[in-house]
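Subject: Structure for your files

Hello,

Please find the structure below. My notes on it follow.

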Amino acid sequence: MIKLGFIGTGFVAQQCHLPSFDSVARCTIVAVSDLQSDLADKIGRRYEVPKVYYSHRELLEDPEIDAVVITVPRPLTSALCFDALQAGKMVFTEKPVSLNYSTGLSLLEVSSKLNLPVQVGYMRRYDSAVLKAAQHLKVLKDSEQSPVLVRAYCYMGDSYCSPFGDFKSTQMLQNTISNFESRPSWLDKKTSAVYESYLNVFSHILDLISILLNTKLSVVKTLLDSQGQGIVLLSTADGVAIELSTAKSSLNQWMEGISFVFGDQIVDLSLSPAFLKNVPSTLQIRRGDTDDMVEIVRPKWSWAFRNQAENFINLCQNWPDSEANLADAVEQVRLVESIFS
């Protein structure tokens, strides 16, 4: 049984991670911590957690805890990951793992040196349709077929799907954590905020493209406006062209997907809103040189966040004979830096 501690009990923790991990039979939540004590107390009561802390350092000193789940504001994420590793804890954290590539490399080095895993929350990897797409694309790759073109898009609308039931603190946040991570120093102030938003939102689909093609990506050309909207042209090591379109909108929906265009078929992955519980994405495979044949794969009801929680507990139970995704997460930071450089 893996004993978990939660650092940060805000909106995303309440809507996604707490219910997901609470439902996994092979782990138990033994402690929570939050700088806002009323929030920590309410979450502790809701999940019947025996220990409530008002400092992450107090939680990390608890010898009963095997692993921690970190969901905090982005500039604090890497610092708390470092603290957790130094305390001997296995780590799950929300993405992005860092705001600059050099910090990510340092975290990777510490994780390797201490032989402790860091799993980063790219939950799209565990969507049931994504897993089926990965299997199909591997079959094509094993038969030496490569896509002619990959087209991806993410039009950022409302992905929250009208959630309810989260607690909000009535206290003024008194931050006692001083080691905020900075964005890359070569960014000007205005672009810096756009960079962080792009990294936080669109690194998801960059990660998916990378793992589904099983390759690193390089930036060919960037055509983004001052808000990070537009087109980025990328390429794989073997020359597959990739087009990524990104935009923000006030639409009451979330539109995101990837098309893998082959000579004899098109593999379309239409991604569901991340917060839409138990509704996985949809996979469509279109073939046929005479008759048009369309295979639509709608996996059984499941939720990527819940699948991700199961994966992290498997990782903890089987470490070091299992693989974390920290190196891939650091690679996404490098890639977004390249987009904005």
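Val32 is found in strand 2, residues 27-33; strands are DSSP runs of E of at least two residues and helices runs of H or I of at least four, both numbered from the N terminus. This is a predicted model, in which local features need pLDDT of at least 70 and side-chain atom pairs count only at pLDDT 80 or more, while totals for chains, interfaces and linings use all residues. Residues are numbered from 1 along each chain as its sequence is written, and side-chain values use heavy atoms, with hydrogens and water left out.

Val32 has a relative accessible area of 0% and is therefore buried (buried is under 20% relative accessible area, exposed over 50%, partly exposed in between, with a 1.4 Å probe and protein chains only). Its contacts (heavy atoms within 4.5 Å), leaving aside neighbours within four places in sequence, include Phe6, Ile43, Val52, Tyr53 and Leu59.

The largest nonpolar core has 48 residues, and Leu4, Phe21, Val68, Ile70 and Phe312 touch the most other members. Such a core is a set of buried Ala, Val, Leu, Ile, Met, Phe, Trp, Tyr and Cys residues joined through side-chain atoms within 4.5 Å. Apart from it lies another core, of 43 residues, including Val232, Leu269, Val333 and Leu335.

Ser98 lies in the loop between strand 5 (90-93) and helix 5 (101-114). Ser98 is also buried, at 1% relative accessibility. A polar atom of its side chain is 3.5 Å from the backbone nitrogen of Gly104. Not counting residues up to four places away in sequence, Ser98 touches Leu199 and Val333, among others.

Two helix pairs involve helix 9. The axes of helix 5 and helix 9 (residues 326-340) come within 9 Å and cross at roughly 165° (axes are lines fitted to C-alpha atoms over the stretch in contact, and angles run from 0 to 180 degrees between N-to-C directions). Helix 5 is therefore roughly antiparallel to helix 9; angles under 35 degrees count as roughly parallel, over 145 as roughly antiparallel, 65 to 115 as roughly perpendicular and the rest as oblique. Among the residues making the contact are Gly104 and Leu108 of helix 5 and Val330 and Val333 of helix 9.

Helix 7 (residues 189-213) packs on helix 9 at about 125°, with the axes 8 Å apart, so the two are oblique to each other.

Regards

Note on methods: A polar contact is a pair of N or O atoms within 3.5 Å; within protein, one must be able to donate a hydrogen and the other to accept it, and residues adjacent in sequence count only if both atoms are side-chain atoms.
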